[in-house]
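Please look over the model below. This report covers strand pairing, a surface patch and model confidence.

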Amino acid sequence: MLEEESPTSFYRIAYFHKLVQEKSLSEINERIRDGSARVVTAEEMPDIVDELGPAGAVREVDVVTTGTFGAMCSSGVFLNLGHSDPPIKISKALLNRVEAYGGIAAVDLFLGATQPSEDRGNEYGGAHVMEDLISGKQIEVEAFGAGTDCYPQMELETSLRLEDFNQAMMVNPRNAYQRYNAATNSSDRSMHTYMGTLLPRFGNIHYCGAGILSPLSNDPNYDYIGVGTRIFLAGAQGYVMGSGTQHNPQNHFGTLMVTGDMKKMNNRFLRAATFHKYGPSLYLGIGIPIPILNERLARSTAVRDKDITVPVMDYGIARRDRPSLKMVSYEDLKSGMVEINGKEILTSSLSSFYMAREVARTLKEQVEKGEFLLSSAVEPLSRLGSSRPMKQTKESPNVGDVMSRDMVSVCEDIDIKEAASLIVSGLFDHLPVVSRDGRLTGIITAWDISKAVASGKSSRIGDIMTRRVYCVKSDEPIELAARTFDTHSISAMPVVDRDNKVIGMITSNHLSRLLARRR
């Protein structure tokens, strides 16, 4: 038989329950309904916890509202067009010349936020179509059919507004990152990335996220946020579907998969954007109200910018595993300046903290008015995630696999005629210029020499060489060399080692021969 529980044991359990569960969600929702709930934003909560302590904050506060507003590329919308007459089974569709995926059902489409336009390229994309629809604009639809007995129509064109779609359900695989790596650039050229334009030689640092207002930073243990949690999504009430893709809570990089009805959204909280020379993206406002059920949640929502740290990653190294240069806090990043290796570097945010505040305040008003009730999760978010690198079964060659080591370099003080003789008798139209110890200082081309000989103005290589030289390292993927050739309209580059000493040359001919072999 089970031993009967003593009165002392019963009161001890009741006391412990009171400590860890001061309030229930149903009690808080009752207060929201009758207008007596005390609601604060995540910016206000830390001072309350400092003044009253976690237990006092539980008694004083019912709900803490969070908010973030930033680029969320992993977003999209499912659209149902309804059936045409004659019917069509859409295999491909263009919405304002932006392709939407049609491989679902006859008239269901999925439009991704980052899909570029077929005629405007990166200046317009799926995100812009979404913003146009929410803003009440009409879009042009071109549909191409597969042609079957039950769906005989092959092509159609029509003009639609948001209300003309049967459903427009936003489903975003990865939103609301808990925190995000900051980015800088050590290379000698500007880099156009999803972190914006990164200036050369550590010219700037870009970062994302709302810090103190971030939803997942205010519930890092997922004590409340879970599958089915009601959220503020671009002005509408949406829901958490589960952990987002690349969810990595072990390293405090949690993500959310979310959904909501786009017909109820507000373009104040959904805006299209284009990252220069990178592509379209979608800026979204997401907020989550967190109930203060116990002291643990009170402590979690007392987080400050100084408590949330991220690494500054060097995007000048165009590899998957970029080096981390320094750990910094959101307080450091928001200060406008971060020091790395003795250099003060300007920081700027790609997210809008102003709009994140507006999300949190708007959500606060909705809760206070009884318009937004909190929901229990039907399942907790996973505390284990996966953000592994891609498994690559076919290796790509590196620069060292195709470069020529049989090359000639020259010093700055040699005569132009001597350099001309080397080019005529050699394999390359380019000569790397090196210092006495073999370090790269410039480059000279056959064209440079031709101009100098024709003008008769100079006799030294050092007077006419190009000092800003694009170069690669032997262990870099061949794709990086190809990208550099294309970006800067050049046809050859020196290959250097870690000490900037020239060890070879790679040319567009090397890449052409490699491509021919692959075919």
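Start with strand β4, residues 76-80. In this predicted model, β4 pairs with strand β12, residues 167-175. The pairing is antiparallel and runs over four bridges. Within it, Leu 79 stands opposite Ala 168 of β12.

Strand β12 also pairs with strand β20, residues 256-261. This pairing is antiparallel too, over five bridges. Here Met 169 faces Asp 261 of β20.

The two pairings in brief:

| Strand pair | Sense | Bridges | Opposite residues |
|---|---|---|---|
| β4 (residues 76-80) and β12 (residues 167-175) | antiparallel | four | Leu 79 and Ala 168 |
| β12 and β20 (residues 256-261) | antiparallel | five | Met 169 and Asp 261 |

Now the surface. Which residues form a nonpolar patch there? They are Phe 78, Tyr 101, Ile 104 and Met 169. Together they have about 370 Å² of accessible area.

Ile 104 belongs to strand β6, residues 98-105. Is Ile 104 buried, partly exposed or exposed? Its relative accessibility is 42%, so Ile 104 counts as partly exposed. The cut-offs behind that label are under 20% for buried and over 50% for exposed.

Last, confidence. The protein has a mean pLDDT of 91. Of its residues, 94% reach 70 or more. Over residues 1-5 the pLDDT is below 50. That stretch has two contacts in the model beyond near neighbours in sequence. Residues 7-19 also have pLDDT below 50. Beyond near neighbours in sequence, residues 7-19 have three contacts in the model.

Definitions and conventions:
Residues numbered from 1 in each chain as written. Predicted model: local features only at pLDDT ≥ 70, side-chain atom pairs only at ≥ 80, totals over all residues. Heavy atoms only, no water. Patch = residues over 30% accessible without salt bridge, like charges linked within 9 Å, V, L, I, M, F, W, Y side chains within 5 Å. Areas by Shrake-Rupley, 256 points an atom, 1.4 Å probe, with all protein chains shown as cover. Salt bridge = Lys/Arg side-chain N within 4 Å of Asp/Glu carboxyl O. Helix = DSSP H or I, 4+ residues; strand = E, 2+ residues; numbered from the N terminus. Buried < 20%, exposed > 50% of the residue type's maximum accessible area, 1.4 Å probe, protein only. Pairing = 2+ DSSP bridges. pLDDT = per-residue confidence, 0-100. Contact = heavy atoms within 4.5 Å.
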